[in-house]
Every structure is written in C-alpha cells, then in structure tokens.
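Keep the sequence and the 3D view open as you read.

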Amino acid sequence: MTIPSPLILHSRPTVGSDELQALTAVVGSGQLAQGPRVEEFEQGMAAMLGVAGGVAVTSGTAALEVALKALGVAPGDEVILPSYVCAAPWLAIVRAGAQPKIVDIEPDSYAIDPAEVKKAVSVRTRAIIVPHLFGLPADLTGLQAIGVPLIEDCAQTLGAIEAGRQVGTVGAVTVCSFYATKLLCTGEGGMLLSHDKSLLERARALREYDEEPVLDDRAFNYKMTDLQAAIGISQLSRFRSFLERRSAIAAAYRTAFGSTSLGLPVIPTGRSHVFYRFVVRLPREAGPVASMIARLEQRGVQCRCPVFRPLHRYRDLVGYPVAEEAFAQALSLPIYPSMTDEEVARTIQVVAEELSQ
C-alpha cells in the first residue's frame, strides 16, 4: 500500500524549543502585557536596521495607521499606494481619514512604479506607501527623488538591500508585520521604526491612551504583549539563518526551473532578494493560475496567488495593466526556513511535471 505524502504547505511558521522557552519565561514572570520584553524587542529591531527606535503594535495594519497619523496625514490628504498589494495599506489610509490613490506597478519587480507615482502626485499628496514585495526592494532611489515622504512597508523584505542601503532605513518611517508566516514572526504583531525621535514619540502616544497627560481621540489600544515580543526576540537572534535557508531553497528552484518555461524572479541591478516568496510567471499555455494551483494541491503541493486580489479590482477600477498581468500569471511556490530538502525536491518534481503536461 502506498502511503500518500503529507501536503507541502505554502507557508509555515519556523518556531521551536527556543520560542517555547521564551514563552515559558514570560509566563513565569507574571508580566504578560506590554512590558520589558516589548521594549527589548523594539531596541533589537531598531539596532538591526540602524534607526533611532521602534514602536511595537498589534499588527502591520495598525503600524501603517499609526505611521500615517504620526506623519500628520489627515482628512483631505492623499496617500499614494500600489494596486498590487493586500488590503492593509488601503484600510490604514481610510482609517486615517485620507484618500487612497492607487497606481500601477513595475512588470519585473511587482513593486510600485515611480513613473506612475510621479503622474499621481498632487498638491494634496502627503505620503507614498512603498511595499517591498516578496523579498525584493522597490526602486527606493526613484521614489525618493519624487520628494514626498515614504512609508516603507518591510513586512516581506527585512534584510534586503537597495543601492547599498538596507530597506527600512530610507523612508520617513518604516512598518513591519510579524504575522505567523512572515520573515520574522510573533504570531500577530507589527512595528513602526524611524530615524525621527519626535515621530516615534507621537506614535507611542497614538498606540495607547493610559496615563497620558491629554486625551487624544485618535489614540487606541494597539499594544503588543510581552508574550509576543518574547517570540520576536528569539526569532531575531536566528534571523540571518532564516534568510540563508530561504536563499538556499531559492537557489535550488532557480537551478531546477532555469530551463523550463517558468518566468523566474528578476533581481534588478543594485538590489538583493531575501525570498519571502518565490514568485514565478506561468506561461500562457499552462492555463489559468487557479487551475494550476488546484492541480498542484491535488498532487500535494500547496501554492498560492501572491496577491489575493489587486486593489483596483476591489474598487472596480480600470487602467492597471501591469497589475492585471501579474494577477493573471503570478504563482507563489512554497519557501520557508523549516521546509525540508525532501519537500523542496518534491515541489520541484511536481511543478516540473505539471508544466510538461
């Protein structure tokens, strides 16, 4: 009797005994809510990026909302963002009372296109949200030249380099997500980081409302717990090894798929890739992405569309041809540090066989 192989998940947290020991210590301390572990995690993240400080919050979406408000974005302002991204930036802009203005992306990097941003800038533009997608930095040099404050979204790209600079160190403020399957996880959670100490102080005031000298009606309870931060501290100590494993899996995929009809990730000159996702382009003869995903999952390999639905589709807008093409052809393969060599080999075999059908 043949025993079927277990499903290779598209993404999976990389946690183990280190995180368990860290959690046990926090429970033993009796300090479960925001406390010294949160402060230590903020300092560790700021040190890794080389910025003045960080403010830990409950999610990446909360970090975006607090960042916008700390920058002074208010009703009547516009904030530019790409269409090919999850819903979080749109929701954060709306919650800040501003108007989202969505633009198209670059064809190779999937990132927000500086040329499209230039056309969208108006006298009301107060910020540009720059998601670095799938592990590859956006064109920060081109975006910086536009002269509007940048909010770098590093949820998928911590540790990558653009023009000799680490992502997360260029914009006015940077946001991270520590969702369970992110590059570095705390289960849920997020953080904003900045060189600007006064901006960080405003963010701390917006994160919580207890024992504040004045009542700010924009404040909320977005506090991270020490339980979450303890996981983050443990993950931070192993972060470089996580990136090395991702890079090794990406190299195996490149070698295996180099002679196939798949479009492999493009890395522009001057940028590095940390491979949060390994996103390929299906040839048109392979059929719709949804059909390929179904066939691969039937054979034990779970793949996904890298972006569930572009924002312009949610809003019934037209005029985003590059995002449309990405939505039609992009496929995300499994890649994460806890993925075994056997799982990598099986993924390569199944994908190659399905392409040859």
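**A walk through the chain**

Q: Which residue stands opposite Met191 in E9?
A: This is a predicted model, and we can start at one pair of facing residues. Met191 belongs to strand E9, and strand E8 (residues 173–177) runs antiparallel to E9, with 4 bridges joining them. The residue that faces Met191 is Cys176.

Q: How many bridges pair strand E1 (residues 53–57) with E9?
A: Look for Val57, which stands opposite Gly190 in E9. The pairing of E1 and E9 is antiparallel. The number of bridges between E1 and E9 is 5.

Q: Which residues of E9 point the other way from Gly190, Leu192 and Ser194?
A: In a regular strand, side chains alternate between the two faces of the sheet. Gly190, Leu192 and Ser194 point one way from E9, and these are buried. The residues that point the other way, also buried, are Met191 and Leu193.

Q: How many of the residues of strand E9 (residues 190–194) are buried?
A: A residue counts as buried when its relative accessible area is under 20%. Strand E9 is mostly covered. Its count of buried residues is 5 of 5.

Q: Is Ile80 buried or exposed?
A: Find Ile80 in strand E2 (residues 78–82). Setting aside residues up to four places away in sequence, Ile80 touches several others, including Val103, Ile112, Val121 and Ile129. Because its relative accessibility is 0%, Ile80 counts as buried.

Q: How far apart in space are Ile80 and Pro334, C-alpha to C-alpha?
A: Along the sequence, 254 residues separate Ile80 and Pro334. In space, their C-alpha to C-alpha distance is 31 Å.

Q: What is the phi of Tyr110 near?
A: Tyr110 sits in the loop between strand E3 (99–103) and helix H5 (114–120). With 7% relative accessibility, Tyr110 counts as buried. Its phi is positive, in a residue other than glycine, and is near 70 degrees.

Q: Is Asp316 buried or exposed?
A: Asp316 lies in the loop between helix H11 (311–314) and helix H12 (321–329). Asp316 is a residue other than glycine with a positive phi, near 55 degrees. A residue is exposed when its relative accessible area is over 50%. At 69% relative accessibility, Asp316 counts as exposed.

Q: Which residues is Gly97 in contact with, leaving aside its neighbours within four places in sequence?
A: Gly97 is in the loop between helix H4 (88–95) and E3, and at 33% relative accessibility it counts as partly exposed. The C-alpha atoms of Gly97 and Lys69 are separated by 9.3 Å, though these residues are 28 apart along the chain. The contacts of Gly97 are Ala74, Pro75 and Gly76.

Q: What is the radius of gyration of the chain?
A: The chain has 13 helices and 11 strands. For 357 residues the globule rule gives 21 Å, and the chain's own value is close to that, so the chain is as compact as a globular protein of that length. Its radius of gyration is 21 Å.

Q: What share of the residues of the chain count as buried?
A: The C-alpha atoms fill a box of roughly 70 × 55 × 35 Å along the principal axes. Among contacts with a separation of 6 or more, 67% come from residues 24 or more positions apart. Of the 357 residues, the share that count as buried is 54%.

Key. Residues numbered from 1 in each chain as written. Predicted model: local features only at pLDDT ≥ 70, side-chain atom pairs only at ≥ 80, totals over all residues. Heavy atoms only, no water. Helix = DSSP H or I, 4+ residues; strand = E, 2+ residues; numbered from the N terminus. Rg over C-alpha atoms; globule rule 2.2 N^0.38 Å. Buried < 20%, exposed > 50% of the residue type's maximum accessible area, 1.4 Å probe, protein only. Contact = heavy atoms within 4.5 Å. Pairing = 2+ DSSP bridges.
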